[in-house]
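Dear colleague,

I am handing over the structure we spoke about, and below it you will find my notes on what came out of the analysis.

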Number of protein chains: 2
Amino acid sequence: AETFTQSGKASFYADKFNGRKTASGTIYRPNKRTAAHNTLPFGTVVRVTNPRNHRSVKVTVTDRGPHAKGRVIDLSKKAARKIGIVDAGVAPVELKVVHRKKG
Amino acid sequence: AETFTQSGKASFYADKFNGRKTASGTIYRPNKRTAAHNTLPFGTVVRVTNPRNHRSVKVTVTDRGPHAKGRVIDLSKKAARKIGIVDAGVAPVELKVVHRKKG
């Protein structure tokens, strides 16, 4: 089976999304390791790596987005903190699917 | 009835979204005047004004997003072009609902 990998920019959820429903129907919580991706099926687990500091985090896709050019994923606050992109706001990342989920 | 107004930043859809399904079920087309907003019901018509050049455009909410801090709306390519924010990528805007739709 092929491995899904993708490079691009990540951002993260604003705090006001705490408690709001995601596109998958789950509730967004900043302290969970979740993400919004435009095409991967909900439930897919993706390793997100920050090539600037080599830190990575595994997140579960629960939502759709982002729309802006070059942007590939929106991370929960916790996941963004784990790879050190909160201060920058937007940062380059590399994605690799580690657990597939059928769409 | 109260008028919904909101200030914040707008971005716009990357070209790759052409032909993809939105959260409302409609297909995104860059040449239509549509937008993604996080809370307004689908079908709501919003006037989006760029205070830097006083240009505005009316868009229909068909999708959900954006997640990033300070961002209030993602515009279709045509709407973004109408108010002159394509080169900047992100720009401050003012929103005003002109046609309500019940959620």
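B:Lys77 counts as buried, with a relative accessibility of 15%, where buried means under 20% relative accessible area, exposed over 50% and partly exposed in between, with a 1.4 Å probe and protein chains only. This is a predicted model, in which local features need pLDDT of at least 70 and side-chain atom pairs count only at pLDDT 80 or more, while totals for chains, interfaces and linings use all residues; side-chain values use heavy atoms, with hydrogens and water left out. Residues are numbered from 1 along each chain as its sequence is written, and chains are lettered from A and ligands numbered from 1 in the order in which they are written.

B:Lys77 is located in helix α1 of chain B, helices being DSSP runs of H or I with at least four residues and strands runs of E with at least two, numbered from the N terminus. Apart from neighbours within four places in sequence, B:Lys77 has contacts (heavy atoms within 4.5 Å) with B:Phe12, B:Tyr13, B:Asp15, B:Tyr28, B:Pro30 and B:Val86.

Over all chains, the structure holds two salt bridges, a salt bridge being a side-chain nitrogen of Lys or Arg within 4 Å of a carboxyl oxygen of Asp or Glu. In one of them B:Lys77 pairs with B:Asp15, with 3.0 Å between the closest N and O atoms; this pair links distant parts of the chain, since B:Asp15 belongs to the loop between β1 (5-12) and β2 (34-36) of chain B and B:Lys77 to helix α1 (residues 77-82), 62 residues apart. In chain A, the side chains of A:Asp15 and A:Lys77 form a salt bridge at 2.9 Å, N to O, and A:Lys77 is buried, at a relative accessible area of 15%.

As for the two chains, chain B is superposed on chain A by a rotation of 180° with 0.0 Å of shift along its axis, at an RMSD of 0.0 Å, using least squares on the C-alpha atoms of residues with pLDDT of at least 70 in both copies. This is the relation of a two-fold axis, and the same surface serves both copies, with 100% of the contact residues of chain B recurring in chain A.

A:Phe17, in the loop between β1 and β2 of chain A, is buried at 5% relative accessibility. Leaving aside neighbours within four places in sequence, A:Phe17 touches A:Tyr28, B:Asn38, B:Pro66 and B:His67.

Finally, the voids were searched on a 1 Å grid over the protein atoms alone: a cavity is a set of points where a 1.4 Å probe fits but cannot get out, a pocket is an open set with protein on both sides within 12 Å along at least five of seven lines, and lining residues have an atom within 4 Å of a point. Grid points are joined across faces, edges and corners, and a volume is the space filled by probe spheres set on the points.

There is one cavity of 30 Å³ or more, and the largest cavity holds about 90 Å³. Its lining has 13 residues, of which A:Pro66, A:His67, B:Pro66, B:His67 and B:Asp74 are closest to the centre. The largest pocket has a volume of about 530 Å³ and a lining of 26 residues, with A:Ala23, A:Arg64, B:Ala23, B:Asp63 and B:Arg64 nearest its centre.

With best regards
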